[in-house]
Amino acid sequence: MNWRIGVDIGGTFTDVAVVNTSDNQINIVKTPTTPDDFSKCVVTAIETTLEKQCIDAKKVELFSHATTVVTNALLEENGASTALIATRGFRDLLELRRSARSHLYDLFQEPPAILIPRHRRFEINERISAEGTIVKPMSEEELGGIIKTIKDSGVESIAVCLLFSFINDKHEKKIGQILRSEFPLMPIFLSSEILPEVREFERTSTTAVCAYVGPILRSYLRRLEEEINKLGLPELHIMGSSGGVVDTSECLKMPAIAVESGPAAGVVAASYFGNLIDYPNLITFDMGGTTAKASLVKQGKFEITSEYEVGVTGNVNRWLHGTGHPIRVPVIDLTEVSAGGGSIAWIDPAGALKVGPKSSGAKPGPACYGKGGKEPTVTDCDLVLGYLNPNHLLGGELDIDIEAARNAIEEYLAYPLNQSIEEAAASVIAVVDHNMAEALRIVSVERGHDPRDFNLIAFGGAGPVHAASLATALNIPRVIIPPIPGGFSALGLVTTDLKRDYVRTFFNSLNDADPGEISQVFTEMENLGREMLKKAEIKQNQWEFRRSADLRYNRQAYELNIPVGESFMSKEDVGDLIQRFHEQHHNTYGHANIPEPVQIVNLRLSAIGRLGKIDVKPLNSSTQHARVAKCEKRTVWFDYSGKVDCNIFARSNFTQNLSIDGPAIIEATDTTVVVPPEWKIKVDPRGFLVMEVLGNV
Amino acid sequence: MFSPTRPQIFEKVDPATFEVVKNSLYSAAEEMRIVLAKTAYSPILKVAGDYSCGIFDIHGDMVAQGPDLPIHLGSMPLAVKAVINAWDSFIPGDILVHNDPYNGGSHLPDVNVVTPIFAKDTLIGFACIRAHWPDIGSATPGSYGAVTEIFGEGLRLPPVKLYVGGEKNRSVEDIIFSNVRTPHERKGDLDAQIAANNRAVSRLQELADKYGLDLLTLIMQGVMDYSENLMRKALLELPDGEGIFEDVCDGDGIISPGEEKDEPFKIRMHVIKKGDTLAVDFAGTDKQVPGPMNAPMAVTASGIYTAVKTMADPNALIPPNSGCWRTIIVKAEHGTVVHAVSPSPVVYANHEISHRVCDMLFGAMSEFAPDNVMACSQGTSAILTLGGVDYRSGEPYVSYETIKGGFGARPNKDGINTLSAGISNTMNTPVEILEMTFPVRVEHYELRTDSGGAGKYRGGLGASRAWRVLGNATHAAVCCERAISPPFGLHGGLPGAGTTISIEEPAGTYKELNTKGTFIAPSGSKILFEVPGAGGYGPPTERDPELIRSDLKNGYISLEAAKRDYGFDE
C-alpha cells in the first residue's frame, strides 16, 4: 500500500490531500492555517493526517506542497536585503520600470514597490551590442570594488542583469563565477540563467524577484525539509506556477516559479480529473472567500502565459496593471477577480449596486458568521436566498445567524434601494455572478475559445453555489462538481507530474530560419531537462518533452505560443508552423496577415516526468432512488422562477448513477451545490456530480 | 442649481441589470485595447500604448472609454461627431478613417478609425480608436517638424470611407499609403485598429441580442447620466473658490525673422469652482503662434478634464464618458494658443498644451483646495523621433519615443520618479527592443539626480537618456516643453529641474539644442535628453530630516543640493 500526500495552504484552512495508490481512496484533511509561520501548520497538518489515516511515512511515494511564501513575501514586502549589479548607466531600470501608471486619475497613488533600493544597485563598465558583440569589456577591477562594498552591507542575495546577456552571457557568467567564489553561501541569480529572454526591465524584474524571495524560500523549505525528514517522509516537492512539481533544489534555482503555486494546483487537478472522467475541455472556476479564479483546459491541457505580474492588487486582471513585479516565467493562465463569499456589497453615491473589491476576509467574516461582520456579503445573500443551510455550515462546525444576514442586507441595501431583502440579495448575486462571468469570458471568449465547447468545473468553498448561474450566462452546457470541491486544489498536488520549463530567445525570421539550428536549441534545452529528470530518478519511459515557439508577425510586440513537433528538420515543418501561427492569430484576434513574414522570438521546452496515474475509488452502486437521499425542504429564490419550495439533499447519501431534477440544493461538509429549476444533476461512478440543462441530456 | 439626486435611469432599469450592462460596455472598450496592442506593428502602439478606444452612442457621445489615455477624454466624441456630420447614412460594414485636427481630430499623427455598429439593421452606436502613427508624412520622418502651417505637417484626411458595406475602398488606402513613410508598418497598424473595432461591434451586438435594443440604448444613455451624477456629487465635495494662474511656455520651435531665439508665450487661466460646477476661462492667453504649439479647443478641454477627474475622483468611481464633462465649462477665444483656428500647425500642442493646462488647473486651485491638488509634474511628453536608413539592413526606419519625467509632489507625500503623469500614460521603449529595431545604442537611461523639486514633499525625479547614432546620420526631431519654465512647486515647494537637450558630435563639439524642432545628428554623435523633474509641495524647511537622509543615501539628491535647498548640515 503506497500513498501520495499534498499540502495546500489556504487563507483559513490548510488542506492535505491523501491518495492511497493501491485502492485509489482519496481523502482531504483540514487543519487551521497559522499565518505567523506557515511551516508550523504544514507540519501539524501532516502529523494529523498521518495519524488520522494510519499512514506509514515510509510508504509515502510523493510528498508535494503548494506554498504561499513567495507571493506573501512580495505582497508584504518583507523579502531579503538584495543587491543588483547592472551595466553602467542602467542601474535604475528596476525603478524606471515601463513608466506607465496603473491608476490613471489617482492623485494619491503609491509608487510601485522597489525591491532593491538604489543604494544597493551597482553599475559595472561593460557593454554588449544588439548583435551580441562585446562593445566594452567587463571591468573585473570595478567588480572587486563592488564586492568590497557588498561585503560589509548585510546583503543576503545578489541579482545580476546586464544588457543583451540573453544573446551573449559571457560577462554575466564571469561575474557570477567571481561572486560565487567570493560569497559561497549567498544565493546569486544571473539573468542569463534565470531568463535568457529579450526586454531588460522584465528580465531584471524576474531576476530581482528571485533574489528577493530566494533566501526566505530557502529558509522556509529547509525548515520544512528538516521536519518532514524527521517524520520519515520522502523528498519535498513544490508546485510550480506552470502546473508541475519540482524538487527543492530546482525550485531554489528559480524561486519565481513558486508564485501561484496553490491556484496552479487547482487547475492541475481539474485537467487531471477532466481527462479521467472524459471531459477534457474545461473552464475551471475556483471561488473562495475573497477571490474567484478562472482558467481554461483544452483537450486535457491547461493554457500557459508568460505575461504575469506578481504582487498585484486589483479587480479583473485583463491587462497587466503595472503595480506588480513582472516575472516572465510560464504561469498557468489564470484570471482572478475580487469576488468571493466574503465580498462586501455596497451602494455607490449615485445609487448603483457594487460588490467588492473589499472583502470581510476570514475575520470578521460575513455578517451571518456572527463574528462582528456588519456589512452584507455574498455569503449573506446566498444564505438569505436559501442556497445555504440556515442553521450551520461546514458540516455543523460553523453556526449561522440568518437574522444577522437579513439585518445587514436590509440596512445597507434593501432600504436604500427600496427593495425587499430577497430582491436586494438577488441583485447582489446578479452583480457578483456577472463579475465572475467576466473572468470566465476573459479565459475563453477573449482568447478565441467558444464556451459552448467546454464544461465548467467548479470548486472552492463557494464555487458550486454559483456555478450553474455562470454556466447559464456563458452558455456553457455542463457543470462538473468534483468530490470534495472545498479541498480540490490539494488534489492537484497528488495527481501532478514533475515539470520544469526552459526558454531561449532565438530572434529570427521563421521564413528564413534553418530548421537544423532551431532543433539544435531545442536539443540543448532537452539535455538540461534530461539531467533534471535523471536526477529526480524518473524512469525514462515516463519522460516527455514539449516544444513550442513564441511567434509573431515581424513587427508586432506580443507573441503567440505555438507547439512544435519533436522532429523539426524540414522546410515543410517550417511551413506547417507558419500556417498554424496564422490560424491561431485569426482565432485569437479575428484577422491574419498571410503575406507577412513571421518572426520567432523564443523557443520553449517543458521537461515532464510522469508520476503514474491514479484513479478515484468508485462510489457504491445502488438502486436507491433520489427521494431516499432527500433530507428536507426549504424555500429558495431563483433568478427566473422566484420563490420555490426546494428539495434539499445530503451529498454523503449519494450513490452511483443517482439523478435529480432541479430545483435542488445539495449540501456537503465543504460546500453547497445549487441546482436551478431548469437543470438536472446526476452522479457519475466516481462521485463527480454532472449538472446539465434539462432537455440537453 | 442642479440638485444631484439618483439618476433617472434607476426608475426604469433595476440596479443589477444596469451594473451588469455598464460593466459589459467598459469590458468591450478594454478588449478593443488588448486586440490593438497585441496586433499593432509600430512600437509606439504595441509597446508605448499611445492610443484610446471608445464606444459611442448614435449621436457621437462617448459611452465608455477603455483604461486609455486621459488626453483623449474630451476630444474623442468630436472624432465620431465629425463622421456623423460628414455622411448622411451608414450601412453595416462601413469603416471610416480621418485625422483632421480642425474637424474632430487632435493632431495629424493621431489617426481615428470609426466603425458604425449595427444590431440587425439598426444603427446602435460607434466604435472608435484613435491611435498615434509614428509617421503621417511631411518633410520630417515622424511628422514632428516645426512648420508654420498644418499643410506642412503631413497627410490630412477628412472623414472618408475606407470600407463601404464590407468592401475595401482601395483608392483611399492607396492615397494613405503613398503619403507615409514605412507604409507596410502603417498597414499593420491600420489592420489592428480595424480588428479592435470589430471586437467592439460583436460585443455590442451580443448585448443587443441579450438585452434587447431598447434596454441597451436606455442603459447607454443612462451610463452617461450616471457619470454626470457622480461627477456633480464629487465636485460638491471639493471646496468652492476662485483662482487665477499664469504660466509661460518655452516657445513654438520657430525662430521668426528678427528673433534671436525661440520666443516664449503666455497662458492665463481663471477658474471658478462653485457647488457642482467648475468653469475655466482662458481670457488673457496669447494669440496663436507660428509654430505647431496651437491647440484645438478639444485638446485644451481634455487637459482640464484630466485635472478635474484627478481632483474629484482619485478612487476611480466615475466611469469616464461624455456625461462626466456636462458640468465643466471651458471658455477660450478663437485664435489663441488654446483655441487654434486653421491653418495653424498643431502637432506639438496636442500633448504639450494639454499637459500644460492640466498642471495649471492644479496651480489655479491650490489656494482654495490645497488638499486636492498636486505640484506640477513633468509637463511634457518629451518626444524624440529619429528617421533615416538602417546601416544594417539598408531599410528606412522611423523611431518615436517618449521619455518620462517626474510625477508631482502631493499635499501629504512625495511625488513619484519617472512616471507618466496627467494627460499621458504611454510606456517607454525597452532599450534592447530599440537597439534591435533601430540603429542606435542607448548609453545610459537613469534617474536624474537633483531633478525633483525640493519641498516638504519632494517632486518625482525625471529621467536622463542618451542615444549614440550608429552607421548613418539620422534626421531627428524633438518636442519637449519646460526648459525655461521648469515644473512649478506649490505652497513653498521649489520647481523641478527643467528640460535640456544637447548633442555631442564625433569631433567632440557639444551644443545645447532648442528643445523643439529638427536637426541632423551625424553618425557617431550622442543625443542627450534630460527630462524635467516635478515640483515640490510645501516649504523644504519642513521636510522630515529622515527623508532627506534617505534621499541622500539613494542619490536622489546630492549633498550640495541638500545643503542648498534644505539647509541640511550633517
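Let's start with a charge over a ring. In chain B, the charged end of B:Arg465 sits over the ring of B:Tyr445. The distance to the ring centre is 4.5 Å. Keep in mind that this is a predicted model.

Chain A has a case of this kind too. There, A:Lys151 lies over the face of A:Phe183, and the distance from the ring centre is 5.7 Å.

Now ring against ring. How many aromatic pairs are there over all chains? The count comes to 17. I'll go through two.

Take A:Tyr553 and A:Phe581. They form an edge-to-face pair. Centre to centre, that is 4.9 Å, with 75 degrees between the planes. Where do the two residues lie? A:Tyr553 is in strand 28 of chain A, residues 543–553. A:Phe581 is in helix 16 of chain A, residues 571–589. So the pair ties together parts that are 28 residues apart in sequence. Buried or exposed? Both A:Tyr553 and A:Phe581 are buried.

Next, chain B. B:Phe90 and B:Phe126 also make an edge-to-face pair. The centres are 5.5 Å apart, and the planes stand at 80 degrees. This pair links distant parts of the chain, 36 residues apart. B:Phe90 sits in the loop between helix 4 (76–86) and strand 3 (95–98) of chain B. B:Phe126 belongs to strand 5 of chain B, residues 122–132.

B:Phe90 has 12% relative accessibility, so B:Phe90 counts as buried. B:Phe126 has 0%, so B:Phe126 counts as buried as well.

Back to chain A for a cluster. Ring pairs link A:Tyr272, A:Phe273, A:Phe459, A:Phe488 and A:Phe688.

Last topic: a sheet in chain B. The sheet is open, with 4 strands in the order 8-9-10-11 and mixed pairing. Which strands stand at the edges? Strand 8 (241–249) and strand 11 (328–331) of chain B do. Each has a single partner strand, so one side of each is left without a neighbour in the sheet. On average, neighbouring strands here are turned by 15 degrees against each other, direction ignored.

Look inside the sheet. Strand 9 (residues 265–274) and strand 10 (residues 277–281) of chain B run antiparallel, joined by 5 bridges. B:Lys274 has B:Thr277, in strand 10 of chain B, as its bridge partner.

What lies across these strands? Helix 9 of chain B, residues 349–365. Helix 9 lies across strand 8, strand 9 and strand 10 of chain B, and runs at about 50 degrees to strand 9.

How values were computed. Residues numbered from 1 in each chain as written. Chains lettered and ligands numbered in written order. Predicted model: local features only at pLDDT ≥ 70, side-chain atom pairs only at ≥ 80, totals over all residues. Heavy atoms only, no water. Phe/Tyr/Trp six-rings, centres within 6.5 Å; stacked < 30°, edge-to-face > 60°. Buried < 20%, exposed > 50% of the residue type's maximum accessible area, 1.4 Å probe, protein only. Lys NZ or Arg CZ within 6 Å of the ring centre and 35° of its normal. Pairing = 2+ DSSP bridges. Axes fitted to C-alpha atoms, helices over the stretch in contact; angles between N-to-C directions. Contact = heavy atoms within 4.5 Å.
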